[in-house]
Amino acid sequence: MSIDERMVASIVKQVLGRLDEGSSDPRASAAGGDWGVFDSMNEAVEAAAAAQREYLNRSMHDRATYVQAIRDVVLDEENLDYISRLAVEETGMGGYEYKLVKNRLAATKTPGIEDLTTEAMSGDDGLTLVEYSPFGVIGAITPTTNPTETIICNSIGMLAAGNSVVFSPHPRAKMVSLHLIQLINRALARLGAPANLVVTVSEPSIENTNAMMSHPKVRMLVATGGPAIVKTVLSSGKKAIGAGAGNPPVVVDETADIEKAARDIIDGCCFDYNLPCIAEKEVIVVDSAADFLMFNMKKHGAYEVKDPALIDQLVKLVVQENGKSPKTEFVGKSAKYILEQVGVNVGDDVRVIMMETKEEHPFVQVELMMPILPVVRVPDVDAAIDMAIRVEHGNRHTAMMHSRNVDKLTKMAKLIQTTIFVKNGPSYAGIGVGGEGYTTFTIAGPTGEGLTSAKSFARRRKCVLVGGLDVR
Ligand code: NAD
């Protein structure tokens, strides 16, 4: 790992700050753990449970200030810079400048307590309120692809809803996840929040994740990751939210603004080197528009590979032998880097590796999470929609369509049933970058919560006052 001067300065500042806070805030040691980091999962869960009990007595105003503190500590330029750099250095995935955008997005556009709207019913029999109430301790499992973004987003939503949270980060994102959790704990302590609302363990591992999932005091599980972990939490016997894999197709028809579609597709596909689960993974284009689309994609940074032998070489390089998963060492790597591994040297202007393939090709079928973008020709838009549904594999995650035909846009949106459907824009518009609406980094297609936010992490409870307070 290379550490530059800014990182050293940042580490020194944080160590000094830690010494300072450690001596002036006895709660840090009194509560156990090291600013939210515990040696064992049992200690972590017990601490989070104690914190949540205390949290029940805090006001909604308090909750709002704690949420704001999480936003502020992440948006501090030095912290933002540090976690964005460290995420790339530690995981070897994605790009620093994209991590900055994504972390800032999570801190600013994740909904807080305003998400928890109360329903009221009044009449001759009195007044009934339906309110969002916390689950208690939530166990949240986070991915390597968005390690800090998911912790920021989940912490804000889960604390806004009155819960405490135990994180089980990916072991390959341990340093940056623990660092962020400690930053959040210090920020909350400065406001007098209950200690240990956001905790984890010093050695994240599958064993610790299992210990977390089976701990009786963990009332809800939220898994953001691939199919294995989603299946595991859904088999746990506990209330679980599963935010799983995607394989987002892009459909382009002959009515689209093809030049803009090409630019949007390339911009979306290479965002954080294609790590986001929402990013464009394959293009399905009607034959009459295909050549012009690919011509324009090349103008915007696509490098077309035509030699079938080279395409095969790329498949061997980046797809595992089982033909079902990408090789981790190429996930989130740049197009330039990947091409270099097969002996093709290109400039920094190359952002995406593009090739024409058939539907059955592994680049179409496998969720690669790297800037390799297969293009498949079809005779017409109806065939394109049918194919998009097939290659999305029923994940109900994300899809894009470039078209000016409202009927066909509506048809695809209805049939593909994805949580996010972006029309005439890059995929990241769907999480609030250049598109309206709030953001989330836990997109729960399998369990149906879809765009998770504070209310997804709460129970709907009813308070009934009989015979009063109806003033109509
Ligand atoms: P991953 O599934 O390898 O890991 C995710 C988390 O689950 C990690 O913390 C990991 O340690 C844990 N884990 C995995 N298998 C486990 C097991 N058997 N037992 C216990 N813990 C286990 O995923 P990743 O490579 O970190 O992330 C990429 C995947 O996540 C992609 O499939 C992507 O689409 C998906 N993802 C989905 C969303 C969403 O919102 N739907 C967001 C980000 C990533």
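Author: A residue is buried under 20% relative accessible area, exposed over 50%, and partly exposed in between (1.4 Å probe, protein chains only). The model is predicted: local features need pLDDT of at least 70, side-chain atom pairs count only at pLDDT 80 or more, and totals for chains, interfaces and linings use all residues. Numbering runs from 1 along each chain as its sequence is written, and side-chain values use heavy atoms, without hydrogens and water.

V366 is placed in the loop between α15 and β13, where helices (H or I, at least four residues) and strands (E, at least two) are DSSP runs numbered from the N terminus. Beyond residues up to four places away in sequence, V366 touches N247, V319, G323, K324, S325 and P326, a contact being heavy atoms within 4.5 Å.

Although M369 is a residue other than glycine, its phi is positive, near 60 degrees. The relative accessibility of M369 is 15%, so this residue counts as buried. A positive phi is found again at Y273, which is not a glycine and has a value of about 50 degrees. Y273 belongs to the loop between α11 (258-270) and β10 (282-286). With a relative accessible area of 21%, Y273 is classed as partly exposed.

S427 sits in the loop between β15 (420-423) and β16 (443-444). Its relative accessible area is 1%, and S427 is therefore buried. Apart from neighbours within four places in sequence, the contacts of S427 are G268, I278, A279, E280, M400 and V422.

H215 occupies the loop between α9 (206-214) and β7 (218-224). At 8% relative accessibility, H215 is buried. Its contacts, neighbours within four places in sequence aside, are N42, V45, E46 and K238. With N42 there is also a side-chain to side-chain polar contact of 2.8 Å. A polar contact is a pair of N or O atoms within 3.5 Å; within protein, one must be able to donate a hydrogen and the other to accept it, and residues adjacent in sequence count only if both atoms are side-chain atoms.

D470 lies in the segment after β18 (458-466). Its relative accessible area of 25% makes D470 partly exposed. D470 touches S122, G123, D124 and G126, residues up to four places away in sequence not being counted.

For I443, a backbone N or O atom lies 2.6 Å from an oxygen atom of the ligand. The corresponding distance from a backbone N or O atom of G226 to a ligand oxygen is 2.8 Å, and for H170 it is 3.3 Å. The ligand taken alone exposes 830 Å², and the protein buries 86% of that (Shrake-Rupley method, 1.4 Å probe; for residues, only the protein chains shown count as cover).
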